[in-house]
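Here is a short report on one structure. It goes from a single side chain to salt bridges and then to helix packing.

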Amino acid sequence: MKYVTDQLLADLEKFLQDNYIQIFFQLGPADADIAEIAASEVETFSDKLFALIQEKELSEVEIYKRGNVSRQLFSRIRSEREYHPTKKTVFALAVGMGLTVDETKLLLEKAGYAFSSASKADLIVKYFLLHGHYDIFAINEVLDKYGFETL
């Protein structure tokens with residue numbers, strides 16, 4: 001492997017064994033008022049993404065290049081406030097921005113996703129974020145090694 005050491009793979013394998021579960025349930029609040037929720041202004045994925053970019057004083061060009069996201073896709077996210085990205089796009093942008101796991105969770109939530117303990121692909125991305133490895137090519141190499149779609 002070009003980007004990944006044997007030690008990193010061994011550490012990742014242990015992480016997967018410790019965190020992978022077959023079934024994952026998540027329950028929402030039982031007393032939520034649907035009319036109140038529908039009427040409230042919601043921060044979109046795009047809103048959250050650009051707030052994080054501004055907060056971290058990051059360069060948009062650097063983000064989409066480090067995340068291996070096309071300029072056209074990034075432009076579409078910028079121009080369409082209601083744009084709904086794929087989960088892999090959210091992960092790629094999180095890597096490009098060097099986000100923490102908690103920051104990535106917030107960004108995923110705004111896109112309608114979550115890290116899943118029942119998904120080895122999610123755990124692989126989470127592992128890299130937890131360990132501060134923001135090399136999209138290394139992440140993609142490991143995802144491919146485990147038979148998953150790359151970011």
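This is a predicted model: local features need pLDDT of at least 70, side-chain atom pairs count only at pLDDT 80 or more; totals for chains, interfaces and linings use all residues.

The side chain of asparagine 140 reaches the backbone nitrogen of leucine 151 at 2.6 Å. Residues are numbered from 1 along each chain as its sequence is written, and side-chain values use heavy atoms, with hydrogens and water left out.

Asparagine 140 sits in helix α9. Helices are DSSP runs (H or I, at least four residues), numbered from the N terminus. Is asparagine 140 buried or exposed? Its relative accessibility is 11%, so asparagine 140 counts as buried. Buried means under 20% relative accessible area, exposed over 50%, and partly exposed in between (1.4 Å probe, protein chains only). Leaving aside neighbours within four places in sequence, asparagine 140 is in contact with Asn68, Thr150 and Leu151. Contact means heavy atoms within 4.5 Å.

**Salt bridges**

Side chains of opposite charge can pair when their charged atoms come close. A salt bridge here is a side-chain nitrogen of Lys or Arg within 4 Å of a carboxyl oxygen of Asp or Glu. How many salt bridges does a search of the whole structure find? It finds eight. The table lists some of them.

| Pair | N to O distance |
|---|---|
| Glutamate 80 and arginine 76 | 3.2 Å |
| Arginine 81 and glutamate 82 | 3.4 Å |
| Lysine 88 and glutamate 149 | 3.1 Å |

Glutamate 80 is partly exposed, at 34% relative accessible area. Arginine 76 is partly exposed too, at 42%. Arginine 81 is partly exposed at 35%, whereas glutamate 82 is exposed at 61%. Arginine 81 and glutamate 82 also belong to a network of salt bridges with Asp47.

Lysine 88 pairs with glutamate 149. Lysine 88 lies in helix α6 and glutamate 149 in the segment after α9 (136-145), so the pair ties together parts that are 61 residues apart in sequence. Lysine 88 is partly exposed at 34% relative accessibility. Glutamate 149 is exposed at 61%.

**Helix packing**

Now to helix α3, residues 45-56. Helix α6 (residues 87-97) packs against α3 at an angle of about 10 degrees, with the axes 11 Å apart. Axes are lines fitted to C-alpha atoms, for helices over the stretch in contact, and angles run from 0 to 180 degrees between N-to-C directions. Therefore α3 and α6 are roughly parallel. Angles under 35 degrees count as roughly parallel, over 145 as roughly antiparallel, 65 to 115 as roughly perpendicular and the rest as oblique.

Which residues meet between α3 and α6? From α3 come Phe45, Leu49, Leu52 and Ile53; from α6 come Val90, Leu93 and Met97. By class, this contact has seven nonpolar, no polar and no charged residues. Ala, Val, Leu, Ile, Met, Phe, Trp, Tyr, Cys and Pro count as nonpolar, Asp, Glu, Lys and Arg as charged, and the others, Gly among them, as polar.

Helix α5 (residues 71-79) also packs with α3, at about 105 degrees and with axes 9 Å apart. These two helices, α3 and α5, are therefore roughly perpendicular. Phe45, Ser46, Leu49, Phe50 and Ile53 of α3 meet Phe74, Ile77 and Arg78 of α5. The contact of α3 with α5 has six nonpolar, one polar and one charged residues.

Key: A polar contact is a pair of N or O atoms within 3.5 Å; within protein, one must be able to donate a hydrogen and the other to accept it, and residues adjacent in sequence count only if both atoms are side-chain atoms.
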